[in-house]
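Let's walk through it together.

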Amino acid sequence: MEEQRRLEMSKKIMVIDDEKIVVDMAKMALEHDGYVVETFLNGESALARLKEEAFDVVVTDFKMKGIDGMEVLRTVKEQYPKTKVIMITAFANLDTAIEALRGDVFDFFPKPVKIKELKASIERALEQ
Amino acid sequence: MKIEHKILYSYFFNVAFIVLIGLFALHNMNQVLAKLRFVEISDDLNASFLEMRISEKNFLLYKDEKWIANIHENINDSMQAIEATQDDISRVIGAKNLQLIKSYLDEYSTVIDEIDKSGGKNPRLETELRAVGGKLRGFFKNKTQLERQKVNDIISTAKRLLFISFLCILFLAIVLGRVFSKKIVVSLRAIEGLALSIAEGNFSKIEDVKSKDEFGSVILAINRMSKELEDRGEEIIQAKKLASLGVLTAGVAHELINPLNNISMITQNSLELYDYLTKENRLALLNRVAEETKRMEAVVRNLLDFSKTREVKLKEANINDIVRKSVQLMQNTLDLSNIEAKVNLEINLPRVRVDEHQIEQVMVNLIVNATQAMSPGGRLSIETRKGDDDKVYIYVKDTGQGIPPEYLSNIFDPFFSTKSSGTGLGLSVSYGIIKNHKGNIRVESTVGVGTTFTIELPAYGRTKEA
């Protein structure tokens, strides 16, 4: 039973944030739950990796230098319409939320992030 | 006197002058006309007198009565002509002279009558006749000549006077025009300079307001405004601080939210996964928490530095000493980043009056920024120079990545940062410090080539360094 769950859970998750600690902690928590996690510190390297392979869920910071969260969202949706994107932002600004929702974001988390809520959101995303 | 009045008066003066000359010319013309008329009349009379004297000579030679009748006729004609034109004549030679002519003519006529009665055999009367005739003709000839001469004199005097007046008017027009326009330009320049210095935040005044004209009032008004601005300077700075409070709050929140989020995530994982973590893992996580708290502390400290109303302790100082000290302070950082620092300080710089600690803080900020902008092997060049304008300049030049033009106007704003690790307060604090010293800080940058910060500080006194 536990083994089956593990297998089912071996979904691929990408985490993008320019704060090293954020991606490290996300990786630590999600890997503990059995996900395959890859982390990136900027949008450029993340999009390059996405060209090679599809991910089930992409968790990205909204505000980043260079390619930002919105651009990651658009590119992912173009390439892999089924991939779910979860956005993290320092500010729960209404404008950014609306913009993200228009871009078909799956969920939206303000900082500081509650890891349990993030995990629950990822689970919901994978169920769909 | 107001400029408006000056222009008006000089205009009136010129017009009055021209009218006067016109009247004078008119008067001259009338005089000339009257004299010419007299000359014309006297020419006729002279002809008549000449005929009279010819008849007289003929009578004395031939003793023929018909010459006497001729003379009478001539005397009557002349008398009539004089009567008809006596106004014109008296206007020129005067009533007394007119009377004299008439009396000469009467005398002549009487002598002729006597000769007529005596039958022409009286040599005494003949002599008298010759004398009176000569007097009459001589007098008239004289007068005519005199008046002709006068006409010539009047015309030549008028000609000279008109020419001089023309020169006078020309001279006045040019000189007054120049004087006025020069005065206006000079005043405008002074006002322009004053406005410029006020625009630069230098609330200077034109102390010596001499002119009582419109410019005097304008200068007084600007002086008043400058004083008001200076008095309100503190209020304005305070108001600006209030205005930037919104920006400030957003900036602080943004600067703090990231380390806060990091600590939050580390603690959540630590609590959740405590049993799965090795001792090393736990220590590593706690160390990262400690680092993040330091980051937050730096933000708060910088913020306090920024918001504090600094009591500036101004002291006379040598800017080169401050620069040297700052570079020494940063030498370690420079060495670690493998940055070569070239310091080129001009000797004999004027001294400055500054808060040494604050200027040092600015220099350290600029050196840190330059170091972070450069990759190892970069060159930092620091220069001091004396300006021609009683100012001392410090240049901090790096060969770093440069600042994109679209960011240049923002780099002194609080919390504006192009570095992920920066608080965005360093340059804004530096800007505040230099402005407090009545100085200026500017930036020039070319992407890929480097950035130069220029600090400009007012020189203090004339003392030179050794």
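Two strands pair if DSSP finds at least two bridges between them. Please keep in mind that this is a predicted model.

Q: Which residue in β3(A) does A:I13 stand opposite?
A: Strand β1 of chain A, residues 12-16, pairs with β3(A) in the parallel sense over 4 bridges. A:I13 belongs to that β1 stretch, and the residue opposite A:I13 in β3(A) is A:V57.

Q: In what order do the 5 strands of the open sheet in chain A come?
A: The pairing in this sheet is parallel. Its edge strands, each pairing on one side only, are β2 (36-40) and β5 of chain A. From one strand to the next, the twist averages 15°. The order is β2-β1-β3-β4-β5.

Q: How many of the 6 residues of strand β4 of chain A are buried?
A: In a regular strand, side chains alternate between the two faces of the sheet. On one side of β4(A), A:K84, A:I86 and A:I88 are buried, and on the other A:V85, A:M87 and A:T89 are buried too. With both faces covered, the count of buried residues in β4(A) is 6 of 6.

Q: Which residue in β5(A) stands opposite A:M87?
A: β4(A) also pairs in the parallel sense with β5(A), residues 107-110, over 4 bridges. Across this pairing, A:M87 stands opposite A:F108.

Q: At about what angle does helix α6 of chain A run to β4(A)?
A: Helix α6 of chain A spans residues 115-127. The helix lies across β1, β3, β4 and β5 of chain A. Relative to β4(A), its angle is about 160°.

Q: Are α3(B) and α4(B) oblique or parallel to each other?
A: Helix α3 (residues 86-93) and helix α4 (residues 95-118) of chain B pack with their axes 7 Å apart. In the contact, B:Q86, B:I89, B:S90 and B:I93 of α3(B) meet B:A95, B:N97 and B:L98 of α4(B); these residues divide into 4 nonpolar, 3 polar and no charged. The angle is about 120°, and angles of 65 to 115 degrees count as roughly perpendicular, those over 145 as roughly antiparallel. The two helices are therefore oblique.

Technical notes
Residues are numbered from 1 along each chain as its sequence is written. Chains are lettered from A and ligands numbered from 1 in the order in which they are written. This is a predicted model: local features need pLDDT of at least 70, side-chain atom pairs count only at pLDDT 80 or more; totals for chains, interfaces and linings use all residues. A residue is buried if 20 or more other C-beta atoms lie within 10 Å of its own, exposed if 12 or fewer, and partly exposed in between; C-beta atoms are placed from the backbone. Axes are lines fitted to C-alpha atoms, for helices over the stretch in contact, and angles run from 0 to 180 degrees between N-to-C directions. Angles under 35 degrees count as roughly parallel, over 145 as roughly antiparallel, 65 to 115 as roughly perpendicular and the rest as oblique. Two residues are in contact if their C-beta atoms, placed from the backbone, lie within 7 Å. Ala, Val, Leu, Ile, Met, Phe, Trp, Tyr, Cys and Pro count as nonpolar, Asp, Glu, Lys and Arg as charged, and the others, Gly among them, as polar.
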